[in-house]
2 protein chains.
Amino acid sequence: MTPRTPAQNVELALLLEVAGTPKPGNVDRARDYPDLRFEHFLAGAVGAAPALRRAPGAPLGEVFEDAVAGMSEQEGGNTQFGALLLSVPLLYAALAGDCSPEGASAVVESTTVDDAVSFYRAFDHVDVAVRDPPESMDALDVRRGSDAEPELRARELTLEDVMARSADRDGIAAEWVGGFERTFRTAEWLLEGEGPVGERTSRVFLRLLAEEPDTFVVTRNSREVAVEVQKRAQDVLAGEEDPDELAEEFVERDVNPGTTADITAGALFVALEGGLTV
Amino acid sequence: MTPRTPAQNVELALLLEVAGTPKPGNVDRARDYPDLRFEHFLAGAVGAAPALRRAPGAPLGEVFEDAVAGMSEQEGGNTQFGALLLSVPLLYAALAGDCSPEGASAVVESTTVDDAVSFYRAFDHVDVAVRDPPESMDALDVRRGSDAEPELRARELTLEDVMARSADRDGIAAEWVGGFERTFRTAEWLLEGEGPVGERTSRVFLRLLAEEPDTFVVTRNSREVAVEVQKRAQDVLAGEEDPDELAEEFVERDVNPGTTADITAGALFVALEGGLTV
């Protein structure tokens with residue numbers, strides 16, 4: 001049994017994720033970006049915690065929005081928006097006693113239009129890099145934030161519906177509507193791993209990165225860069241490239257595989273719930 | 001105004017303390033001991049947090065004991081016992097609206113025999129390196145833990161009384177009964193400093209270390225080593241020694257200036273309450 005509550009484990013997972021090193025392109029224990037530093041992630045995790053403790057009594061969307069608001073109370077900007085978006089349904093599943101793909105999918109299926117409205121409101125609290133939506137989705141561009149509420153209500157879209165519409169271009173949304181397949185698989189890797197959690201975290205991050213193009217890199221850089229990132233991670237796993245040198249290069253080039261980091265954080269939560277000891 | 005509650009600021013201060021680097025001889029963002037690693041400090045801070053939220057309603061000693069119990073729920077052993085001991089009265093002072101030397105001293109003066117009993121009980125939860133007490137104090141050796149309760153009650157010793165008896169050989173106890181002079185001064189250094197909090201933390205740690213022998217080093221190593229540590233920190237401040245090389249050497253030699261780290265954590269809390277932004 002974990003000595004911590006599920007809400008504490010979400011917070012600890014956020015901290016363990018950023019502490020894992022090397023995680024090429026991400027802020028990690030050894031690397032900062034000039035305006036996005038390790039200390040911002042520490043404050044982000046501490047700031048998100050009070051909202052997380054309100055689950056499962058409060059609605060999921062509200063807990064997510066308030067966690068993002070708390071996370072944003074530091075000067076680095078967006079530190080853990082995606083990690084929280086991925087972790088909150090897992091938190092509800094754990095609190096319902098079923099932190100499994102089925103349990104998490106049941107939480108997703110139970111989301112409401114109110115949850116969708118709260119999700120959009122969360123974008124009012126912090127700048128998140130997102131792609132332009134297809135023209136037909138313009139009224140539901142997340143950058144509209146709370147202004148999207150009438151459209152969401154008119155179309156009666158739940159948060160699950162919103163995620164389903166983004167699943168083809170956003171790795172977190174894909175997890176939401178795909179049974180959190182990569183997240184749970186990564187948690188298994190963490191539990192099977194050996195050595196300090198910080199080293200396991202780095203290894204699973206690299207394995208995830210080698211699997212498919214990171215959607216946050218596609219958004220902020222380009223698909224071409226995201227494919228290169230995937231290939232370079234494969235080279236690291238094959239022993240053909242040094243992960244620390246790659247980390248220096250990616251930070252220099254501002255190539256930040258944030259979606260992969262978010263899935264790593266979610267997997268750390270699942271692993272902590274499943275008996276990963278620290 | 002800080003966007004966080006005082007209890008959140010204690011937790012964040014614990015995290016910022018361990019993240020500051022270099023802090024020669026301590027676990028920091030760049031260094032681990034084989035069995036005492038960065039991740040243990042992250043879990044220690046998260047584990048301590050629920051008890052801290054029970055202040056000021058619950059008695060100070062109980063909050064401290066429970067925070068230590070929560071902190072201990074990780075495999076590294078003692079991570080933040082001293083930092084919590086220093087921070088808890090400061091937390092109560094902040095919650096009373098007076099996070100100042102006078103406010104903290106008022107909290108110390110209000111401690112009870114029950115608080116002293118809880119303090120001793122905290123030693124049941126974790127192994128803390130302490131020196132043999134004078135023979136006359138044998139019945140009050142903190143290593144007796146909860147077994148010391150009858151003696152504490154018979155002598156009607158408050159937690160302030162207990163601290164006063166250790167102030168000449170323990171740097172945390174000296175802060176308790178001396179108006180937290182070094183802690184508040186270090187908070188000023190943090191607030192006056194420039195640059196990322198992690199760098200400020202390293203600088204104030206080195207300034208504290210250069211001021212006087214670290215009592216944790218006296219306990220675990222010897223007074224001679226503690227005096228050498230102080231001198232080496234002076235050399236770093238004079239630009240005659242590289243702090244990162246010194247950090248490597250001290251970790252290699254298992255010279256861990258824990259009291260200085262504890263005061264740094266307390267000072268980070270005071271600075272966060274006083275407007276230090278992250």
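**A walk through chains A and B**

Visitor: What does the secondary structure of chain A come to?
Guide: Helices (H or I, at least four residues) and strands (E, at least two) are DSSP runs, numbered from the N terminus. Chain A comes to 15 helices and zero strands.

Visitor: What kind of model is this?
Guide: Residues are numbered from 1 along each chain as its sequence is written, chains are lettered from A, and ligands are numbered from 1, in the order in which they are written. Side-chain values use heavy atoms, without hydrogens and water; local features need pLDDT of at least 70, side-chain atom pairs count only at pLDDT 80 or more, and totals for chains, interfaces and linings use all residues, in what is a predicted model.

Visitor: What radius of gyration does chain A have?
Guide: The radius is taken over C-alpha atoms, and the globule rule is 2.2 Å times the number of residues to the power 0.38. For 278 residues, a compact globule would come out near 19 Å. Chain A agrees with that, at 17 Å.

Visitor: What percentage of the residues of chain A count as buried?
Guide: Buried means under 20% relative accessible area, exposed over 50%, and partly exposed in between (1.4 Å probe, protein chains only). Of the 278 residues in chain A, the buried share is 61%.

Visitor: How many of the 15 residues of helix 11 of chain A are buried?
Guide: Helix 11 of chain A runs over residues 197-211. Its buried residues include R200(A), F205(A) and L209(A). The helix is mostly covered, and the buried number is eleven.

Visitor: Which helix of chain B do the buried residues of helix 11 of chain A pack against?
Guide: Contact means heavy atoms within 4.5 Å. From chain A, the packing partners include helix 1 (6-19) and helix 10 (181-192). From chain B, the partner is helix 2 (38-52).

Visitor: How far does helix 10 of chain B reach from its first C-alpha to its last?
Guide: The expected span is 1.5 Å times one less than the number of residues. Helix 10 of chain B has twelve residues, with 16 Å expected. Its reach is close to that, at 17 Å.

Visitor: Which residues of helix 10 of chain B are buried?
Guide: An α-helix has 3.6 residues a turn, so residues three or four places apart point the same way. Cover for the buried residues of this chain B helix includes helix 4 (81-95) and helix 15 (258-273) of chain B. The buried residues are R182(B), T183(B), F184(B), T186(B), A187(B), W189(B) and L190(B).

Visitor: Is Q80(B) buried or exposed?
Guide: Q80(B) sits in the loop between helix 3 (60-71) and helix 4 of chain B. Beyond its neighbours within four places in sequence, Q80(B) contacts L14(B), F41(B), G44(B), A45(B) and M71(B). Its relative accessible area is 3%, so Q80(B) is buried.

Visitor: Which residue does a cis peptide bond join to T21(B)?
Guide: Omega of this bond is about -5°.

Visitor: What is phi of E156(A)?
Guide: E156(A) lies in the loop between helix 7 (149-155) and helix 8 (159-166) of chain A. It counts as exposed because its relative accessibility is 61%. E156(A) is not a glycine, yet its phi is positive, at about 55°.

Visitor: How far apart in space are G275(A) and P3(A)?
Guide: G275(A) is in the segment after helix 15 of chain A. It counts as partly exposed, at 45% relative accessibility. In sequence, G275(A) and P3(A) are 272 residues apart; in space, C-alpha to C-alpha, the distance is 9.8 Å.
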